[in-house]
Amino acid sequence: MMNAVPETMTAIAISEPGGPDVLQPTQRPVPHPFEHEILIQVAAAGVNRPDVAQRQGHYPPPKGASDLPGLEVAGHVVALGRNVTRFAIGDTVTALVAGGGYAEYVAVHESNALPVPKGLSLVEAAALPETFFTVWHNVFERCGLKAGDVFLMHGGTSGIGTTAIQLAKAFGATVLATAGSAEKCAACIELGASHAINYHTEDFVSVVKAVTDGHGADVILDMVGGDYIERNFDAAALDGHIGQIAFLNGPIADVNFTRLLAKRLTLTGSTLRPRTIAFKAGIARALQEKVWPLIERREVLPRIDATFPLLQAAEAHRRMESSGHIGKIVLTV
């Protein structure tokens with residue numbers, strides 16, 4: 001039986017732009033679910049790089065979204081807005097939210113929530129939305145990855161990377177990945193990569209060309225930017241697609257675009273958070289149809305690096321910023 005929904009809740013707010021210690025507990029009113037929204041009692045919330053950027057003052061929430069960090073949650077439905085048809089009180093769900101995930105309760109449009117895949121814990125389920133939505137849209141919808149393609153994932157042990165390696169392999173691609181240590185390269189192989197490239201000791205362009213007999217990568221997913229932008233042109237195959245989703249090494253580079261023309265490359269980029277509810281709903285439908293069965297068969301699973309209690313969100317951010325993690329970092333509520 002569900003507990004009564006309280007009027008206030010504990011949440012983690014950003015007191016001012018800065019380091020992890022600006023993440024401070026606060027009391028907020030529990031959101032009210034409107035129209036097609038459901039209210040989720042949060043059991044776990046994923047931690048993502050955009051949360052770090054928001055904390056630093058570089059990634060403000062879109063208009064109308066909560067100012068609290070947190071883009072993905074899992075938990076139980078405890079209240080329904082009028083006209084909700086997909087879920088009932090008591091259902092376990094995971095959801096992509098535009099903000100507000102670092103809290104005991106969050107409201108979200110029902111179309112941006114999904115049932116928790118059978119067999120998954122709520123911690124595992126909280127690690128799904130941000131990375132799976134991002135990978136599905138960028139790798140499969142925008143870049144058109146298909147069976148038989150060569151896929152190169154930069155940052156293979158990030159939350160995005162561990163998801164992309166598994167999904168690309170599950171859909172029949174040959175997967176290559178870059179990572180920053182022998183341990184991380186071994187994790188990429190364990191997740192399904194055919195080759196893992198230590199970017200501290202190897203040149204990924206040379207390795208990609210060598211292991212593909214000069215073919216190159218048909219699809220590249222990059223969150224590094226900087227000098228990787230031009231090097232991706234070198235590593236790409238003819239008619240290849242490059243998806244840019246972040247710029248950890250900076251968004252500005254001196255790039256020779258000749259190879260973009262000569263190889264007929266497609267360079268595309270996107271951000272997920274500001275997109276419309278309807279757009280995200282389309283990705284949710286595709287995931288439920290094409291990916292949730294893989295998760296329920298345990299062919300693809302979120303890789304959990306560490307969990308922290310909600311009140312230790314600052315420690316979770318320190319873990320992420322250390323870049324020592326392999327997989328997802330999750331807050332438990």
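Predicted model: local features only at pLDDT ≥ 70, side-chain atom pairs only at ≥ 80, totals over all residues.
View 1. Most of α4 is covered: 10 of its 12 residues are buried. Among them are Gly-159, Ile-160, Thr-162, Ile-165 and Leu-167. Just after α4 comes Gly-172, with a positive phi of about 95°.

**View 2. Trp-136 and Phe-140 form a stacked aromatic pair.** The structure holds 5 aromatic pairs. In the pair of Trp-136 and Phe-140, the ring centres are 4.7 Å apart, with 20° between the planes. Both residues sit in helix α3, residues 129-142. They are 4 residues apart, so about one helical turn separates them. An α-helix has 3.6 residues a turn, so residues three or four places apart point the same way. Trp-136 and Phe-140 are both buried. Together with Phe-171, they form one aromatic cluster.

**View 3. Phe-233 and Phe-257 form a tilted aromatic pair.** Their centres are 5.7 Å apart, and the angle between the planes is 50°. Phe-233 belongs to helix α7, residues 228-235. Phe-257 belongs to the loop between β12 (236-244) and α8 (258-262). The pair therefore ties together parts that are 24 residues apart in sequence. Phe-233 is buried, with a relative accessible area of 1%. Phe-257 is partly exposed, with a relative accessible area of 43%.

**View 4. Arg-275 lies over the face of Phe-279.** The distance from Arg-275 to the ring centre of Phe-279 is 3.6 Å.

Note on methods. Residues numbered from 1 in each chain as written. Heavy atoms only, no water. Buried < 20%, exposed > 50% of the residue type's maximum accessible area, 1.4 Å probe, protein only. Helix = DSSP H or I, 4+ residues; strand = E, 2+ residues; numbered from the N terminus. Phe/Tyr/Trp six-rings, centres within 6.5 Å; stacked < 30°, edge-to-face > 60°. Lys NZ or Arg CZ within 6 Å of the ring centre and 35° of its normal.
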